[in-house]
Amino acid sequence: MKLTESFPCEVVVDGAAYAIRTDYRCGIRHEQMMLYRNDLTVKDILENWLPVIPENLAAALEAVNRFYRCGENLDQEIGRKRRNTRLYDFDVDADVIASSFRQCYGICLHTAQLHWWEFCELLDGLPAKCSFSDRVQLRDTDTKGMKSKDRRKVEEQKRRWRLPDTIHSKRKKYQTLEERNAAMIAYVDKRFAEIER
């Protein structure tokens, strides 16, 4: 997104503009629903974001998912070669995310009104030396080649801050981000087909 542009407050579905809830909490709810809810429906996803649901649910879902990805298409996201490993969770890490935003930006997330895209920019921009970044780095630490005493200490901390399994990780471990995204799209398509019946 260009610095001369404002954050969007609507999505376009079949040529018509629809207001979208932009609060960062909607983005967090979206991600947590996608990761942990077995009974998730297209309607649940759309109601989280849109005060008025368009008739074309497939196009609305595509628009909402693009908004969730901060304007990127899925192909662009895959092209950036993101890691396959989850390194944080909004529920597990709520305390360190909140404290890092307060420490680094002077923002209290409990009272702040932030656009989802702004929240994502700030989360990505947190410096290496804050509590959130420390926890993420710990989860990403490779213990191969470490002395046994150091390895035990790091592995103990990793177990302490281990992330819960998602509905997707319970089903299958994916080798690539592309596999995970394809499985997630297939899951949403399946739920969408159930609604159309």
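Modeller: A term to start with: buried means under 20% relative accessible area, exposed over 50%, and partly exposed lies in between, using a 1.4 Å probe and protein chains only. Helices (H or I, at least four residues) and strands (E, at least two) are DSSP runs, numbered from the N terminus.

Colleague: And where does the model come from?
Modeller: This is a predicted model; local features need pLDDT of at least 70, side-chain atom pairs count only at pLDDT 80 or more, and totals for chains, interfaces and linings use all residues. Residues are numbered from 1 along each chain as its sequence is written, and side-chain values use heavy atoms, with hydrogens and water left out.

Colleague: Let's start with β1. Which residues are on its covered face, and which on the uncovered one?
Modeller: V11 and V13 are on the covered face of β1. E10 and V12 are on the uncovered face. In a regular strand the side chains alternate between the two faces of the sheet.

Colleague: How do β1 and β2 pair?
Modeller: They run antiparallel, over four bridges. Two strands count as paired if DSSP finds at least two bridges between them. V13 stands opposite A16 in β2.

Colleague: What about the turn of that hairpin?
Modeller: There are two residues between the strands, and D14 takes a positive phi near 50° in this hairpin. D14 is not a glycine. D14 is exposed, because its relative accessible area is 60%.

Colleague: Where is C70, and what is its phi?
Modeller: C70 is in the loop between α3 and α4. Its phi is near 60°, a positive value in a residue other than glycine. C70 has 27% relative accessibility, so it counts as partly exposed.

Colleague: On to cysteines. How many disulfides are there?
Modeller: Zero, in a search of the whole structure. A disulfide here is a pair of cysteine sulfur atoms within 2.5 Å. For C104, the nearest cysteine sulfur is that of C130, 4.5 Å away. C104 is partly exposed, at 27% relative accessibility.

Colleague: Now the inside. How many residues does the largest nonpolar core have?
Modeller: It has 46 residues. Such a core is a set of buried Ala, Val, Leu, Ile, Met, Phe, Trp, Tyr and Cys residues joined through side-chain atoms within 4.5 Å. W49, F101, L114, W116 and F119 have the most contacts inside it. Elements supplying at least two residues each include β1, α1, α6 and α10 (177–196).

Colleague: What does F101 touch?
Modeller: Leaving aside neighbours within four places in sequence, its contacts include L114, F119, L122 and L123. Contact means heavy atoms within 4.5 Å.

Colleague: Which residues of α6 are buried?
Modeller: In α6 (residues 116–124), W116, W117, F119, C120, L122 and L123 are buried.

Colleague: And what covers them?
Modeller: The cover includes α1 (24–36), α2 (42–49), α3 (57–68), α5 (94–105) and α7 (131–140).

Colleague: Last topic: D93. Is it buried or exposed?
Modeller: D93 is buried, because its relative accessible area is 0%. D93 sits in the loop between α4 (74–79) and α5. Not counting residues up to four places away in sequence, D93 touches L87, Y88, R135, R139 and L163.

Colleague: Where is R135 found?
Modeller: R135 is in helix α7. At 8% relative accessibility, R135 counts as buried. With neighbours within four places in sequence left aside, R135 is in contact with V92, D93, D95, V96 and W161.
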